[in-house]
Amino acid sequence: MQKKILAICYDTGAANALFRPILKIQDDGIVEMVALAEGPAKNVFKSNSIKARTLVDYGSNQVDLDNISSIIKKEKPDLIFSGFSSGSMLEKMFRYAAKINGVQSFGLLDMYINYLRGVSDFEIEEPFKFMPDLIGVIDEIAFEDMIKNGFDKNKLIITGQPYFDGLNDFKLSFTQQDNEFLRSQFNLSVDDYLVTF
């Protein structure tokens with residue numbers, strides 16, 4: 001039987017981090033990938049040709065333990081793959097429900113944030129309540145900072161930020177003609193500095 005991953009996302013930043021791994025997993029075809037998106041993540045997934053379900057597709061629009069657990073029981077995923085959306089409980093509740101339902105979870109951290117808040121309730125009265133089994137961390141700086149904040153280093157993996165994985169491909173496809181055209185748009189000579197971000 002084919003393994004299944006249920007990817008969950010709400011915010012734009014989290015969706016930008018998740019869409020490349022989701023597409024890669026879909027392209028490989030080894031594991032079934034089901035995406036669930038709410039909020040701005042729906043647009044990010046749609047613009048990257050990821051067909052995402054919503055809570056309404058499962059007969060609810062409530063982010064509570066009972067509804068989320070029923071989705072997990074219906075989908076029967078082997079892994080919950082989530083982002084770290086700052087203004088939503090969606091990913092947190094899926095990670096928590098995964099733990100209760102005996103499903104492994106992996107969270108992909110897309111930025112430097114108040115790390116403890118990303119795995120706790122908003123007031124941090126229940127630290128690590130929404131902690132996934134593993135967290136993909138941007139870099140060594142975030143890794144060390146998270147350990148200082150009480151995270152178990154054995155639950156952290158440095159993965160980078162998948163949203164930027166396409167930069168090298170862009171660099172390789174960016175020709176001298178593209179460079180000249182871009183500089184002409186800003187009235188810059190070849191000796192002028194051009195900083196992009």
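**Salt bridges**

I looked up the salt bridges and found four in the structure. I counted a side-chain nitrogen of Lys or Arg within 4 Å of a carboxyl oxygen of Asp or Glu. This is a predicted model, where local features need pLDDT of at least 70, side-chain atom pairs count only at pLDDT 80 or more, and totals for chains, interfaces and linings use all residues. Residues are numbered from 1 along each chain as its sequence is written, and side-chain values use heavy atoms, with hydrogens and water left out.

I began with E75. E75 forms a salt bridge with K4, with the closest N and O atoms 2.8 Å apart. The pair links distant parts of the chain: E75 sits in helix 3 and K4 in strand 1 (residues 4-9), 71 residues apart. I took helices (H or I, at least four residues) and strands (E, at least two) as DSSP runs, numbered from the N terminus. E75 and K4 are both buried. My cut-offs were under 20% relative accessible area for buried, over 50% for exposed and partly exposed in between (1.4 Å probe, protein chains only).

E75 also forms a salt bridge with R53, and here the closest N and O atoms are 2.4 Å apart. R53 lies in strand 3 (residues 52-53) and E75 in helix 3, so this pair ties together parts 22 residues apart in sequence. R53 is partly exposed, at 35% relative accessibility.

Then I checked K129, which forms a salt bridge with E126 at 3.6 Å between the closest N and O atoms. Shared partners join K4, R53 and E75 into one network.

I went back to helix 3 (residues 65-75) for S69. S69 is buried, at 10% relative accessibility. Its side chain makes a polar contact of 3.2 Å with that of N101. For that I needed N or O atoms within 3.5 Å, one able to donate a hydrogen and the other to accept it, and residues adjacent in sequence count only if both atoms are side-chain atoms.

Why is helix 4 (residues 90-100) largely enclosed by the rest of the structure? Eight of its eleven residues are buried, so the structure largely encloses helix 4. G102 follows helix 4 and has a positive phi, near 70°.

**Confidence**

Last, I checked pLDDT, the predictor's confidence in each residue, from 0 to 100. The protein chain averages 91, and 99% of the residues score at least 70.
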